[in-house]
There are 2 protein chains.
Amino acid sequence: MTGPSAPDRLLAVLAAFDHDHPALSLTDISRRAGLSLTTAHRLVGALSDWGALERDASGIYHVGLRLWEIAALSPRGLALRQIALPYLEDLYEATHENVQLAVRDGSEVVYIEWISGRSAVGVKIQVGARWPLHATGVGLALLAHCEAAFQETYCGGHLAGFTPHTITDGATLRRVLAEVRHAGVAVSTRQITDDALSVAAPVRAADGSVTAAVSVVVPERDAQTPALIPAVRLAARGISRALGWQPER
Amino acid sequence: MTGPSAPDRLLAVLAAFDHDHPALSLTDISRRAGLSLTTAHRLVGALSDWGALERDASGIYHVGLRLWEIAALSPRGLALRQIALPYLEDLYEATHENVQLAVRDGSEVVYIEWISGRSAVGVKIQVGARWPLHATGVGLALLAHCEAAFQETYCGGHLAGFTPHTITDGATLRRVLAEVRHAGVAVSTRQITDDALSVAAPVRAADGSVTAAVSVVVPERDAQTPALIPAVRLAARGISRALGWQPER
């Protein structure tokens with residue numbers, strides 16, 4: 001037998017769902033997963049029986065509650081989020097701006113928590129959304145603490161630009177990362193949209209490694225950046241301590 | 001070939017992870033999934049390559065970030081939670097007590113959000129945890145709005161007791177459910193632990209169906225139940241409106 005293995009076919013059905021396609025018909029699934037309608041039907045049936053997918057009254061499939069329950073066990077997903085949430089709430093109360101928690105996956109940041117202020121800047125980032133490391137505050141905070149070889153490869157690669165202010169030059173990025181390590185905080189100005197700024201700080205695990213980053217996004221025009229820095233650093237240290245990290249003496 | 005199908009074997013690997021077993025060795029997975037070590041090794045490899053599982057430095061497997069990203073698309077999981085979170089935060093700010101959001105899965109409630117107050121009662125419920133419908137405030141709010149036939153079957157079945165105060169009698173449960181429908185709010189007193197009380201209200205979707213429930217859990221001894229009721233109802237109505245529900249005129 002040729003083609004993808006049985007596990008890969010089943011995982012292709014799950015991977016057919018993403019932020020732009022959260023609800024799919026059987027035909028959509030079969031096309032997006034590259035499977036025959038017969039195979040897709042059989043696999044969707046198994047996933048639905050198990051609870052990984054749910055079929056609504058109109059016959060459209062959604063990601064199911066059972067998958068969510070198991071995913072909630074992910075130490076880099078909901079488990080981290082649950083430890084961090086009180087500190088993110090405090091940071092939100094102190095700033096009333098958008099607050100985020102993100103982790104690194106390869107060369108991207110993945111947002112695992114996002115508390116939106118009613119009056120906060122209208123940045124459209126969803127839980128589970130991804131951005132390249134160099135273009136966001138959390139990404140800079142994470143990248144600055146990666147292994148040197150990874151940083152060097154990243155700085156030497158293509159750096160996508162989103163606004164005229166995005167860092168797209170490797171030498172500039174290297175300098176910025178050194179500043180982030182020195183200051184213990186990353187400031188990303190107008191890199192994703194022209195009107196927003198983010199202040200981010202690294203979160204450390206019990207072994208001292210940087211495992212996540214926390215940030216606040218504010219409108220660039222009236223940003224009180226110096227005032228935000230201690231609040232963001234404090235939140236990051238609070239989460240780190242809750243994860244078992246102890247500061248060096 | 002006999003035994004479980006290929007999809008079922010892969011899903012059995014995922015189902016080996018639960019709240020009591022969030023981190024497993026390959027041997028643990030093989031035993032808990034009822035698979036040979038060879039089969040488990042192959043399936044765990046496929047799941048790890050894809051990102052559904054992550055292997056740590058000590059060789060132990062955890063649920064991976066990729067699964068979490070896809071699960072975040074679940075309309076009854078994170079998607080609902082993201083819409084509800086600002087209202088849950090407001091309810092927490094107003095009460096400084098444990099605030100929960102839950103949905104029904106069969107005859108159980110599943111908690112999909114939980115904001116814990118620092119000074120709040122020490123009830124141990126985790127995101128993803130399950131309880132039978134009759135024993136919790138959110139469960140009573142959800143059950144009271146199920147189809148009549150489902151309610152009748154539930155009331156006629158075995159009702160597990162957790163404290164001397166748990167409703168374990170079908171006739172009593174029927175009466176309580178009628179009161180919940182009439183009052184628009186459910187009060188569950190000392191049903192799970194002897195020292196806590198919860199006040200819950202139903203959350204409606206755009207089509208008017210009850211899709212979730214929101215609640216506050218407080219210590220029973222100093223509960224200001226009458227004062228909590230309007231706050232919980234207001235939060236539930238706010239979430240319902242955000243879901244597209246419009247009150248009847």
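In chain A, the mean positions of the 22 positive and 25 negative charges are 3 Å apart. Lys and Arg are counted as positive, Asp and Glu as negative, and His and the chain ends are left out. Each charge is placed at NZ of Lys, CZ of Arg, CG of Asp or CD of Glu.

A word on the source. This is a predicted model, where local features need pLDDT of at least 70, side-chain atom pairs count only at pLDDT 80 or more, and totals for chains, interfaces and linings use all residues. Residues are numbered from 1 along each chain as its sequence is written, chains are lettered from A in the order in which they are written, and side-chain values use heavy atoms, without hydrogens and water.

Now chain A as a whole. Chain A has nine helices and nine strands, taken as DSSP runs numbered from the N terminus, with helices being H or I of at least four residues and strands E of at least two. The C-alpha trace spans about 60 × 40 × 40 Å along its principal axes. Of its 249 residues, 51% count as buried; buried means under 20% relative accessible area, exposed over 50%, and partly exposed in between, with a 1.4 Å probe and protein chains only.

Next, the two copies. Chain A superposes on chain B by a rotation of 180 degrees with 0.0 Å of shift along the axis, at an RMSD of 0.1 Å. The two copies are therefore related as by a two-fold rotation axis.

The largest nonpolar core holds 62 residues, and A:Leu101, A:Val214, B:Leu101 and B:Val214 touch the most other members. A second, separate core has 44 residues, including A:Ala40 and B:Leu14. Such a core is a set of buried Ala, Val, Leu, Ile, Met, Phe, Trp, Tyr and Cys residues joined through side-chain atoms within 4.5 Å.

B:Ser30 sits in helix H2, residues 26-33 of chain B, and is buried at a relative accessible area of 11%. Beyond four places in sequence, B:Ser30 touches B:Leu35, B:Ser36, B:Leu37 and B:Ala40.

A:Ile60 is in the loop between strand S2 (53-55) and strand S3 (61-63) of chain A. Is A:Ile60 buried or partly exposed? A:Ile60 is partly exposed, at 24% relative accessible area. Among its contacts beyond four places in sequence are A:Ala23 and A:Arg55.

Key:
Least-squares fit on C-alpha atoms with pLDDT ≥ 70 in both. Contact = heavy atoms within 4.5 Å.
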